[in-house]
Amino acid sequence: MQKKLDEKEICQKECKAACCKHYYITLLPFEAEKLAKSQKTSLKDFLEKYTIQYFKEISFESSGKKILLQNIALKRIDGKCILLSDENLCKVYLARPRQCKLFPFLALDDSSDIRKAYPFCLLVQQLSRKPTFDKKHYEKVKKYYLDVEEKGFENVWPALPKEKIVEKK
């Protein structure tokens with residue numbers, strides 16, 4: 001009988017970290033601080049070496065409105081997260097951002113067909129777990145965007161990386 005793989009083994013060994021190759025991984029300020037500490041570097045140096053300013057346009061179908069979300073995201077090198085090793089293992093697994101911990105159960109509601117939403121994700125294809133909503137993380141993300149709106153993007157972050165990417169729909 002074949003040993004059942006746990007989530008970490010599926011993500012790192014079987015699927016070769018496909019999600020780390022599909023998306024920019026955005027950070028909240030406290031996550032950047034935790035990652036900087038894990039890399040034994042200052043926050044300013046971490047932000048410059050490992051991150052980009054990532055702007056993503058979001059469209060609202062019902063109103064036709066568009067907004068540009070301002071984020072700091074981990075850089076991608078050759079199409080994958082900068083913190084992914086050549087062996088497709090997360091170099092900062094214990095300090096990884098909440099977005100990574102929650103994937104692929106991050107932004108889907110109970111009515112979503114998770115298998116169709118993430119066809120590349122072996123974890124989704126092999127497990128029967130339903131999507132969950134992490135209210136604590138949602139509140140932190142909400143607070144971040146409210147802070148950006150109130151204080152300004154450049155005042156929420158102690159330093160900004162020079163590199164920028166704008167993703168428009």
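**Exercise 1. Rings and charges**

How many aromatic pairs does the structure hold, and what kind is the pair of Tyr 144 and Tyr 145?

*Solution.* Start with the count: there are five aromatic pairs in the structure. A pair here means rings of Phe, Tyr or Trp (its six-membered ring) with centres within 6.5 Å; planes under 30 degrees apart are stacked, over 60 edge-to-face, and the rest tilted. Next, take Tyr 144 and Tyr 145: their ring centres are 5.0 Å apart and their planes meet at 70°, so this pair is edge-to-face. Then follow the ring pairs onward, and you get a cluster of Tyr 144, Tyr 145 and Trp 157.

Before going further, note that this is a predicted model, where local features need pLDDT of at least 70 and side-chain atom pairs count only at pLDDT 80 or more, while totals for chains, interfaces and linings use all residues. Residues are numbered from 1 along each chain as its sequence is written, and side-chain values use heavy atoms, with hydrogens and water left out.

Now check burial, where buried is under 20% relative accessible area, exposed is over 50%, and partly exposed is in between (1.4 Å probe, protein chains only). Tyr 144 has a relative accessible area of 4%, so it is buried. Tyr 145 comes out at 25%, so it is partly exposed.

Finally, look for charges over rings (NZ of Lys or CZ of Arg within 6 Å of the ring centre and within 35 degrees of the ring normal). Arg 76 has its charged end over the ring of Tyr 24, 5.2 Å from the centre. Arg 96 sits over the face of Tyr 93, with 3.8 Å to the ring centre.

**Exercise 2. Strand pairing**

Which strands pair with E3, and over how many bridges?

*Solution.* First the inventory: the chain has nine helices and six strands. These are DSSP runs numbered from the N terminus, with helices being H or I of at least four residues and strands E of at least two. Two strands pair if DSSP finds at least two bridges between them.

Step one is E1 (residues 26-27), which runs antiparallel to E3 (residues 66-74) and is joined to it by two bridges. In that pairing, Leu 27 has Ile 72 as its partner in E3.

Step two is E2 (residues 51-59), antiparallel to E3 over nine bridges. The E2 and E3 hairpin has six residues between its strands, and Gly 64 takes a positive phi near 80°.

Step three, pick a residue on E2: Gln 53 lies in that strand. Its relative accessibility is 6%, so Gln 53 counts as buried. Leaving out residues up to four places away in sequence, Gln 53 touches a set of residues including Asn 71, Ile 72, Phe 153 and Leu 160 (contact: heavy atoms within 4.5 Å).

**Exercise 3. Helix faces**

Which residues of H4 are buried, and which are exposed on the other side?

*Solution.* Recall the geometry: an α-helix has 3.6 residues a turn, so residues three or four places apart point the same way. In H4, the buried residues are Leu 43, Phe 46, Leu 47 and Tyr 50. They span an arc of only 100° around the axis, so they share the same side of H4; the arc is that of the directions from the helix axis to the C-beta atoms. Lys 44 and Lys 49 are exposed on the other side of H4. E1, H3, E2 and E3 are among the elements covering the buried residues of H4.

Repeat for H3, where Glu 31, Ala 32, Leu 35 and Ala 36 are buried. Their arc is only 140°, which puts them on the same side of H3. Just after H3, Lys 40 takes a positive phi of about 55°.
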